[in-house]
Amino acid sequence: NPAQNELTIVNDKNVKIDRISLIDFAGKEVKEVPSNSTKIEIKEIDKGTYFLRIDYKGRTEIVKWIKE
């Protein structure tokens, strides 16, 4: 799952997403993006390990990814 310029969000469950944010390894939010986004630009983010947090229907999914 390494990425360099953008992340793609696939909403195959077709649920309404309430919030999307990118979080660094220390737990700090580095970017919040519109909840209807399917592509997230990450060019300006430093290399490292991050988490993509997606909130929907009172639930939270967190996915680890690496910025190269």
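In β4, Glu-29 is the bridge partner of Ile-23. The model is a predicted one, in which local features need pLDDT of at least 70 and side-chain atom pairs count only at pLDDT 80 or more, while totals for chains, interfaces and linings use all residues. Residues are numbered from 1 along each chain as its sequence is written, and side-chain values use heavy atoms, with hydrogens and water left out.

**Elements and sheet**

The chain has zero helices and seven strands. Here helices (H or I, at least four residues) and strands (E, at least two) are DSSP runs, numbered from the N terminus. From that end, the elements run β-β-β-β-β-β-β.

Five strands make up an open sheet with mixed pairing, in the order β1-β7-β6-β3-β4. Its edge strands are β1 (2-3) and β4, each of which pairs on one side only. Two strands are said to pair if DSSP finds at least two bridges between them.

| Strands | Sense | Bridges |
|---|---|---|
| β3 and β6 (residues 48-56) | antiparallel | seven bridges |
| β3 and β4 (residues 29-33) | antiparallel | four bridges |
| β6 and β7 | antiparallel | nine bridges |

Buried means under 20% relative accessible area, exposed means over 50%, and partly exposed lies in between (1.4 Å probe, protein chains only).

On the β4 side, Ser-21 stands opposite Glu-32. β3 and β4 form a hairpin with four residues between them. In the turn of this hairpin, Gly-27 has a positive phi of about 95°. On the β6 side, Asp-24 has Tyr-50 as its bridge partner. Further along the sheet, Leu-52 of the β6 and β7 pairing stands opposite Val-63 in β7.

**Residues in loops**

Which residue has a positive phi of about 55° although it is not a glycine? This is Asn-14, placed in the loop between β2 (6-8) and β3. Asn-14 has a relative accessible area of 69% and is therefore exposed.

Lys-57 also has a positive phi, near 45°, in a residue other than glycine. Lys-57 is found in the loop between β6 and β7 (59-67). Its relative accessibility is 63%, so Lys-57 counts as exposed.

Asp-46 sits in the loop between β5 (39-41) and β6. With 59% relative accessibility, Asp-46 counts as exposed. Between Asp-46 and Lys-31 there are 12 Å in space, C-alpha to C-alpha, and the two are 15 residues apart in sequence.

Ile-66 lies in strand β7. Is Ile-66 buried or partly exposed? At 34% relative accessibility, Ile-66 counts as partly exposed. Ile-66 and Gln-4 are 62 residues apart in sequence, and their C-alpha atoms are 8.5 Å apart in space.

**The chain as a whole**

With 68 residues, a compact globule would have a radius of gyration near 11 Å, and the chain agrees with this because its own value is 11 Å. This radius is taken over C-alpha atoms, and the globule rule is 2.2 Å times the number of residues to the power 0.38. Along its principal axes, the C-alpha trace spans about 30 × 20 × 20 Å.

Of the 68 residues, 34% count as buried. The accessible surface comes to about 4,700 Å², and 47% of this surface belongs to carbon and sulfur atoms. Accessible areas come from the Shrake-Rupley method with a 1.4 Å probe, and for residues only the protein chains shown count as cover.

Among contacts between residues at least 6 apart in sequence, 52% join residues at least 24 apart. A contact means heavy atoms within 4.5 Å.

The chain has 13 positive and 12 negative charges, and the mean positions of the two sets are 2 Å apart. Lys and Arg count as positive and Asp and Glu as negative, while His and the chain ends are not counted. The place of a charge is taken as NZ of Lys, CZ of Arg, CG of Asp or CD of Glu.
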